[in-house]
Amino acid sequence: MPECKAVACKSRRYSRDDSEFIQSEVKRLLAADITEPARSPWRAQVLIVTQGTKRRLVIDYSTIINCFMLLDAYPLPNIEKLVHAVAQDKYYNSLDLRSAYHQVPLLPEEKQYTASGCLFQYKRLLFGVTNRDAAFQRCIHNFIKRFNLKEVYTYLDDITVTGATLEEHDMN
């Protein structure tokens, strides 16, 4: 919203191990061209989430940009309708897109709002932002329409391709 003012969270103190993990993740994201150095008045908190033995870098946008965003009401598909549509065909294949959200570029003027931690900003759609799912679903639906794909069903980064015959499935 145009009337909002930039918010910059104070940096947290991290253990040496956490600091090293954050630095390695930032380097990985920079090398993958998902982030870039930033000069922004916005700064979100960097967190580390542990799930079992796996650690993930997480940016907390809940008090920074999420509360200032206009909601995108683009609908997610109805699961029951998707299941019913897939069940109509004999052959199907399910695909889970890897790093799917990171394939969608952000508009240049939006990047500054994603700044975090040691001031890097995202160049691509990221986790933790309110409208992420709606934006990604719209992108996938537009792709299906643009290429006139038949019997292709999506729910976020999960894609199912079907066909009444094996030949039709392979063509789809």
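This dialogue covers salt bridges and the nonpolar core in a predicted model.

Student: What should I know about the model before reading it?

Tutor: It is predicted, so local features need pLDDT of at least 70 and side-chain atom pairs count only at pLDDT 80 or more, while totals for chains, interfaces and linings use all residues. Residues are numbered from 1 along each chain as its sequence is written, and side-chain values use heavy atoms, with hydrogens and water left out.

Student: How many salt bridges does the structure hold?

Tutor: A salt bridge is a side-chain nitrogen of Lys or Arg within 4 Å of a carboxyl oxygen of Asp or Glu. The structure holds 9 of them. One of these joins aspartate 17 to arginine 55, with the closest N and O atoms 3.3 Å apart.

Student: Where do aspartate 17 and arginine 55 lie in the chain?

Tutor: Helices (H or I, at least four residues) and strands (E, at least two) are DSSP runs, numbered from the N terminus. Aspartate 17 is in helix H1 (residues 16-31) and arginine 55 in strand E3 (residues 54-60), so the pair links distant parts of the chain, 38 residues apart. Asp17 and Arg55 also belong to a network of salt bridges with Asp18.

Student: Which other pair links distant parts of the chain?

Tutor: Aspartate 72 and arginine 138 form a salt bridge at 2.7 Å, N to O. Aspartate 72 sits in the loop between E3 and helix H2 (79-87), and arginine 138 in helix H3 (residues 132-146), 66 residues away.

Student: Are arginine 132 and aspartate 133 buried or partly exposed?

Tutor: Buried means under 20% relative accessible area, exposed over 50%, and partly exposed in between (1.4 Å probe, protein chains only). Arginine 132 is buried, at 16%, and aspartate 133 is partly exposed, at 26%. Their side chains meet in a salt bridge of 3.2 Å, N to O.

Student: Which residues have the most contacts inside the largest nonpolar core?

Tutor: A nonpolar core is a set of buried Ala, Val, Leu, Ile, Met, Phe, Trp, Tyr and Cys residues joined through side-chain atoms within 4.5 Å. The largest one has 30 residues, and those with the most contacts inside it are Leu57, Ile59, Tyr61, Tyr122 and Phe136. Elements giving two or more residues to this core include H1, E3 and H3. H1 gives the most, with 4 residues.

Student: What does tyrosine 122 touch?

Tutor: Contact means heavy atoms within 4.5 Å. Not counting residues up to four places away in sequence, tyrosine 122 touches several residues, among them Leu29, Ile59, Tyr61 and His102.
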